[in-house]
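Colleague: I would like to learn how to read contacts, cores and sheets in a model like this one. Could we go through them in turn?

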Amino acid sequence: MGQKPMPFLYVCIQKPGEAQFKTLFDMLEMLQQYIAGYVALTGEEFAVLADKLVVREFERRQLLVQVGEVEEYLSFVVRGLARMYFFKGKTEMITNIAKEGELIGSSSSFLSGKPSCYYVETLEPCTLLSITRANLEKAYRESPKIEKLGRLVTTYFVLQKEEWELECMRLDTRERFLRFVGNNPELLLRVPQKYLASYLNMKPETFSRLKNHVKKRPVAGRP
Amino acid sequence: MVQTAATYQAALEKLHQHLHSYVPLTKTEFRQMEPFIEIREFDKRVKVIHEGEVERYLNVIAWGLARKYLPVRNKEITIQLASEGHMIHSELSFHYRIPSRSVVETIEPTVFFSISYDSLEQLYEQIPGMERLGRLMITDLFIKSDNRYFNQLRNSTRERFLEYVRNHPDMVQRVPQKYLASFLNIKPETFSRLKHLMRPRKERG
């Protein structure tokens, strides 16, 4: 925090090509902002992590992980959109949608080293900053602050899941729709409607009915 | 419920073993942790945290049985059942310091090893190696909760029932049926009907 200019510059400067350098710089800055939400890392501490990252590019509709494979990467989305899902019979059940500035990966498989129960697939072309399990373990051993970051991010995973589960029980369909749209207005434009319906665990018809309803009559209380 | 010092010592020893399964922890290191840990005793059917309170503690059950539930429209939805060695507290409230939506209630007389929010922060700051222990315990919790969520979404009522009964025969004995049914998201009537699956085939009829 407050340590500009970016102290990890020397990490990037070894990468060839001026144009690439700029992009990578921006990517790392995004990641550093994300991390600052959890813990304040010094330049050296951030470099421990930055050193172990790889940049991965994907087209749209590419599978990052299949069911039965072990997830090798935890990824930070620099650009694009991805979803996590499984099949219940013939129906796709979406359990996560991640956009820029968020983490994606079959997290339970990544953490346990066991085969994934989920598919992870890109919805838009994606650029990811990824780290392998082995490299993350190495970073934990090299820096206690990064271990703390790991603890806090994992805690956040648990809390996010808990919050989602409680909301599903506490709120009715309409309330969940309104809450989701209120928190993620841009996803309504970027994600196919049937996927959003699946993510919210409601029928596509219900989703589109609620959407039209909201369009016609703006939510009460809004100016 | 009268307990002797030896019983507590034995329970602490068990806690040490439990933590040791995550990271190597010498007796001296565990001794360092002891001052941060509070022992809290409750009778059966006592609310350990009420709706609207801010959760002060992270609890691990020394002995006993407790459940966490969410009050929704005059109903109680059981979201966790915990026995010896398991962690149970109102997580969102504890970590975000916000009023709890869920309630933790004992089912049997229960003793908790509890650590307050502030003590936990101190523990992380003062004792090296605690970060790793915390990270591994929370990772374990995430994997378990993800697994439960996945099963809940994907498996049929019958599959959920059978899987739970197979993996937790002890809990089926100890937990009142209505809580089990709620936890598995199965109607109490359906739960009763499914119980015949627990008996070996030849003994039926």
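Colleague: Which residues is Val120(A) in contact with, leaving aside its neighbours within four places in sequence?

Modeller: Two residues are in contact if their C-beta atoms, placed from the backbone, lie within 7 Å. By that rule Val120(A) touches Leu64(A), Val65(A), Ala82(A), Met84(A), Ile104(A), Gly105(A) and Ser106(A). This is a predicted model, in which local features need pLDDT of at least 70 and side-chain atom pairs count only at pLDDT 80 or more, while totals for chains, interfaces and linings use all residues. Residues are numbered from 1 along each chain as its sequence is written, and chains are lettered from A and ligands numbered from 1 in the order in which they are written.

Colleague: Which residues touch the most other members of the largest nonpolar core?

Modeller: In soluble globular proteins, nonpolar side chains tend to be buried together. A nonpolar core is a set of buried Ala, Val, Leu, Ile, Met, Phe, Trp, Tyr and Cys residues joined through C-beta atoms within 7 Å, where buried means that 20 or more other C-beta atoms lie within 10 Å of a residue's own. Here the largest core has 52 residues, and Leu49(A), Val77(A), Ala82(A) and Val120(A) touch the most other members. A second, separate core of 20 residues includes Leu81(B), Ala82(B), Leu180(B) and Phe183(B).

Colleague: In what order do the strands of the open sheet in chain A run?

Modeller: Strands are DSSP runs of E, at least two residues long, numbered from the N terminus, and two of them pair if DSSP finds at least two bridges between them. The 4 strands here follow the order β2-β7-β4-β5 in chain A, with antiparallel pairing. The edge strands, β2 (63–65) and β5 (91–99) of chain A, each pair on one side only. Strand β4 (residues 81–88) of chain A pairs with β5(A) over 8 bridges, and Lys88(A) stands opposite Thr91(A) in β5(A).

Technical notes
Buried ≥ 20, exposed ≤ 12 C-beta atoms within 10 Å, placed from the backbone.
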